[in-house]
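Good morning, and thank you for making time for this item.

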Amino acid sequence: MNLNYISLGLDYNTYIGVDNELRYDFQQHIDFINDYFSKAIRKDKFKTDGTFNMINVALSEFELKTSSIVPSNVLQVHLDFDKSKYKKAKKTNDCSYYLELLEKGFKKAHKFKSIPLDNLLNLIEEFKKGDCLNKWVHKKKRFKGDDLEIILTCELTTNCFQLWLTANKISTKEELINGVIMRTETGTSIHEGMFKNIIIDKDIIITDKSDSPRVIVNKQAVFKRELLFEINGDSEIKEILSYEL
């Protein structure tokens with residue numbers, strides 16, 4: 001069994017009854033960290049003792065529980081939660097409080113089970129050097145008939161998710177446009193399934209998980225170095241996908 005997941009959050013069993021709104025709010029603001037560290041640690045293929053494949057750092061303002069293995073295959077450690085620090089942090093791009101908790105959690109987990117502590121602490125430093133930005137290429141496609149290379153890049157931060165579209169001219173290797181075509185509030189559950197593939201017909205079409213057109217980008221405008229696009233959907237979908245655009 002490999003270590004595949006890292007999770008930081010308010011203790012679920014406590015806050016689901018005490019203050020589920022706070023639990024959900026915190027989860028949305030730190031999803032970018034859980035996503036980044038889970039993807040990164042999988043590359044190490046660290047074999048655990050067979051009792052866990054996840055490290056969960058559970059936070060609480062109340063009495064702390066002891067470290068344990070909980071269903072399903074989770075090494076869970078508990079730390080104190082400072083609500084005032086969180087309220088200050090969530091209004092900014094500063095993720096130092098979250099990383100401080102993660103570091104303490106890793107060190108506490110290491111006392112209970114064998115984990116790749118040095119690797120995990122190095123990941124924290126790398127994340128800091130990258131300005132705490134969780135960024136990855138979702139898809140890159142070349143359309144030789146249109147002389148275009150289209151790249152979709154995702155950025156997930158503590159405050160929002162953004163989908164960037166870059167268009168390069170293949171023949172000259174020029175970057176024609178690079179801009180945001182989708183932005184949502186933070187949290188992986190909000191943007192999940194809203195984009196999948198790239199198709200070029202009359203225009204550049206970004207499909208969603210059901211293969212339906214979700215964003216339509218004016219192809220002719222791209223060659224003029226202009227980013228003109230329309231989000232396809234009802235008023236609620238358009239509002240969700242154009243957060244602060």
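**Pockets, backbone and overall form**

The largest share of the lining of the largest pocket, four residues, comes from β1. A pocket is an open set of points on a 1 Å grid over the protein atoms alone, where a 1.4 Å probe fits, with protein on both sides within 12 Å along at least five of seven lines; its lining residues have an atom within 4 Å of a point.

Before going further, please note that this is a predicted model, in which local features need pLDDT of at least 70, side-chain atom pairs count only at pLDDT 80 or more, and totals for chains, interfaces and linings use all residues. Residues are numbered from 1 along each chain as its sequence is written, and side-chain values use heavy atoms, with hydrogens and water left out.

The largest pocket has a volume of about 330 Å³, where a volume is the space filled by probe spheres set on grid points joined across faces, edges and corners. By class, the lining of the largest pocket holds five nonpolar, six polar and two charged residues. In this scheme Ala, Val, Leu, Ile, Met, Phe, Trp, Tyr, Cys and Pro are nonpolar, Asp, Glu, Lys and Arg are charged, and the others, Gly among them, are polar.

Let me stay with S7 for a moment. S7 is in strand β1 and is buried, with a relative accessible area of 17%. The classes are buried under 20%, exposed over 50% and partly exposed in between, with a 1.4 Å probe and protein chains only. The side chain of S7 makes a polar contact of 3.4 Å with the side chain of N56. Such a contact is a pair of N or O atoms within 3.5 Å; within protein, one must be able to donate a hydrogen and the other to accept it, and residues adjacent in sequence count only if both atoms are side-chain atoms. Leaving aside residues up to four places away in sequence, S7 touches N34, M54, I55, N56 and V57, contact meaning heavy atoms within 4.5 Å.

I turn to the second largest pocket, with a volume of about 150 Å³. Its lining consists of Y24, D25, Q28, H29, N159, E185, T186, I190 and Y243. The largest share of that lining, four residues, comes from α2. Three of the lining residues of the second largest pocket are nonpolar, four are polar and two are charged.

Helix α2 deserves a comment of its own. Where does α2 bend? The bend is at I30, by about 50°, taken as the angle between axes fitted to the seven residues ending there and the seven starting there. Of the 23 residues of α2, 17 are buried, so the helix is largely enclosed by the rest of the structure.

Next, the backbone. P71 and S72 are joined by a cis peptide bond, with omega about -10°. S72 lies in the loop between β3 (68–70) and β4 (74–80) and is exposed, at a relative accessible area of 60%. That loop between β3 and β4 also holds N73, whose phi is near 60°, a positive value in a residue other than glycine. N73 is partly exposed, at 32% relative accessible area. K173, in the loop between β7 (160–169) and β8 (174–185), likewise has a positive phi near 60° and is not glycine. Is K173 buried or exposed? K173 is exposed, with a relative accessible area of 76%.

T157 sits in the loop between β6 (148–156) and β7 and is buried, with a relative accessible area of 16%. Beyond residues up to four places away in sequence, T157 touches F32, L133 and T186.

Finally, the whole chain. The protein chain has eight helices and twelve strands, and its C-alpha trace spans about 60 × 35 × 30 Å along its principal axes. Of its 245 residues, 47% count as buried. Among contacts between residues at least 6 apart in sequence, 53% join residues at least 24 apart.

How values were computed. Helices (H or I, at least four residues) and strands (E, at least two) are DSSP runs, numbered from the N terminus.
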